[in-house]
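Please work through the exercises below with the sequence and the coordinates at hand. Each task is followed by a solution in steps.

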Amino acid sequence: MTPPLSNAGGELLRRRLVGRVLAERADALVITGLGAPTYDVAAAGETARNFHFWGAMGLAAVTGLGLALARPGERVLVITGDGEMMMGAGSLATIANAGAPNLAILVLDNRSFGETGEQPSLTAGPADIAAMARGAGISTVRDCRTEADLADTIGALYTAPGPVLCVAQVARGEDQKVLPSWDGPHQVSVFQTAIGTRSFPYKPITL
Amino acid sequence: MDQHWSRDVFRAFKSGNIRTVATVPDGGLTELLNLCEADSGITVITLSSEQEGMGLLFGLWLGGERAVLLMQSSGTGNCMNALSLPAITQTPCLMLVTMRGENGEQNPWQVPMGQGCRPALEAMGVTCFSAADNADVGTAFESAAQLAFEDGKSTAVLVHQHIIGTKEFVK
Ligand SMILES: Cc1ncc(C[n+]2csc(CCOP(=O)(O)OP(=O)(O)O)c2C)c(N)n1
């Protein structure tokens, strides 16, 4: 029997939710925002097609945009937290304007800055990331509140024309830390080798 | 007469396989951005803030594409923590910066970041190539691009304000 995806109060459990979403990733390329989303994705099992942020807060989604534009034939999934997404809020407009049919973003909204001690984040107040994404012009936006919404969310993340943004309301609280590599050049090398974009020596620039 | 520096830089984009240009525009970038917009082989991505450039360029690089960020000097101040990404991953981050707040600047609000631009970039490990006249910009760009793409460095070409001219504020 698979463990339940929600707690007794019906709130989604992030670690299990991410595991469930990634179980259907096929060959998707995954970028993770710093903090708990990085650990959640690592907990689902490392692959060469993951790139994990450990800093540069606010840049996960727009990094996904760059990757999606460079690799139009592959699905790119960004998994990040509400605090990280909020720091890159302007990039929602950049992403919508650039257009990226193969890009999807999953925001794990726990209404707190989990990594820094569970302080309430801006989504604990009136801010609503799904509404901001709609306002920015993101074409497909979904709220995922309970297990009943999950099939629709997973469908949107992997098959709806992008850019897609799904906000999953998840329970507060920290899971066990599962730490992937934080070695930047190593991660780049493994990732690029896996998708065939590593090239040495580079073609020189000439005027 | 020398041709406009934008043409030299644009030629380097084409010969160097730089196919994506990210920007928050500046008046001094108008000619270069027009050349890029008119070229079907180059995609111009408008950013809401310059720091997004570090993420966008990094994502493109992961996917095998070369890109450049074009911005005015005030925009470099928006990039500080974002520059951690190319630094820690040792991936290319190529920037071209049109300077404000230098000789002849009329808007005092441009001066603090204009003057702080180079030291701030250098503090984050960016190698800066200054171009003091029109004919210098192309070679400065070539050096910056080479160091970025061949050695995975963050580099910036700073196009001096006197090349671009000063913006007049007429009441
Ligand atoms: C520029 C910057 N400011 C602040 C921090 C400290 N910090 C690290 S993780 C984090 C919060 C992340 O919150 P969220 O994305 O909601 O993830 P959660 O851990 O709650 O899932 C913060 C504020 C940082 N690393 N960088």
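The model is predicted, so local features need pLDDT of at least 70 and side-chain atom pairs count only at pLDDT 80 or more, while totals for chains, interfaces and linings use all residues. Residues are numbered from 1 along each chain as its sequence is written, chains are lettered from A and ligands numbered from 1 in the order in which they are written, and side-chain values use heavy atoms, with hydrogens and water left out.

**Exercise 1. Determine the strand order of the sheet in chain B and identify its edge strands.**

Step 1. Helices (H or I, at least four residues) and strands (E, at least two) are taken as DSSP runs, numbered from the N terminus. Two strands pair if DSSP finds at least two bridges between them.

Step 2. In chain B, six strands form an open sheet with parallel pairing, in the order E2-E1-E3-E4-E6-E5.

Step 3. Strand E2 (43-46) and strand E5 (127-131) of chain B each pair on one side only and are the edge strands.

Step 4. Within the sheet, strand E1 (residues 18-23) and strand E3 (residues 66-72) of chain B are joined in the parallel sense by five bridges. B:Thr20 stands opposite B:Ala67 of E3(B).

**Exercise 2. State which strands helix H3 of chain B lies across, and at what angle it runs to E3(B).**

Step 1. Axes are lines fitted to C-alpha atoms, for helices over the stretch in contact (heavy atoms within 4.5 Å). Angles run from 0 to 180 degrees between N-to-C directions.

Step 2. Helix H3 (residues 52-62) of chain B lies across E1, E2, E3 and strand E4 (93-98) of that chain. The helix runs at about 170 degrees to E3(B).

**Exercise 3. Find the residues that touch the most other members of the largest nonpolar core.**

Step 1. A nonpolar core is a set of buried (under 20% relative accessible area, 1.4 Å probe, protein chains only) Ala, Val, Leu, Ile, Met, Phe, Trp, Tyr and Cys residues joined through side-chain atoms within 4.5 Å.

Step 2. The largest core has 60 residues, and A:Leu165, B:Met54 and B:Met95 touch the most other members. Helix H3 (residues 60-70) of chain A gives the most to this core, with seven residues.

Step 3. Leaving aside neighbours within four places in sequence, B:Met54 has contacts that include A:Leu59, B:Leu69, B:Cys79 and B:Met95.

**Exercise 4. Characterise the aromatic pair of B:Trp61 and B:Phe149.**

Step 1. Rings of Phe, Tyr and Trp (its six-membered ring) pair if their centres lie within 6.5 Å; planes under 30 degrees apart count as stacked, over 60 as edge-to-face and the rest as tilted.

Step 2. Over all chains, the count is six aromatic pairs. B:Trp61 and B:Phe149 are stacked, at 6.2 Å centre to centre and 25 degrees between the planes.

Step 3. B:Trp61 counts as buried because its relative accessibility is 9%, and B:Phe149 is buried at 2%.

Terms used:
Buried < 20%, exposed > 50% of the residue type's maximum accessible area, 1.4 Å probe, protein only.
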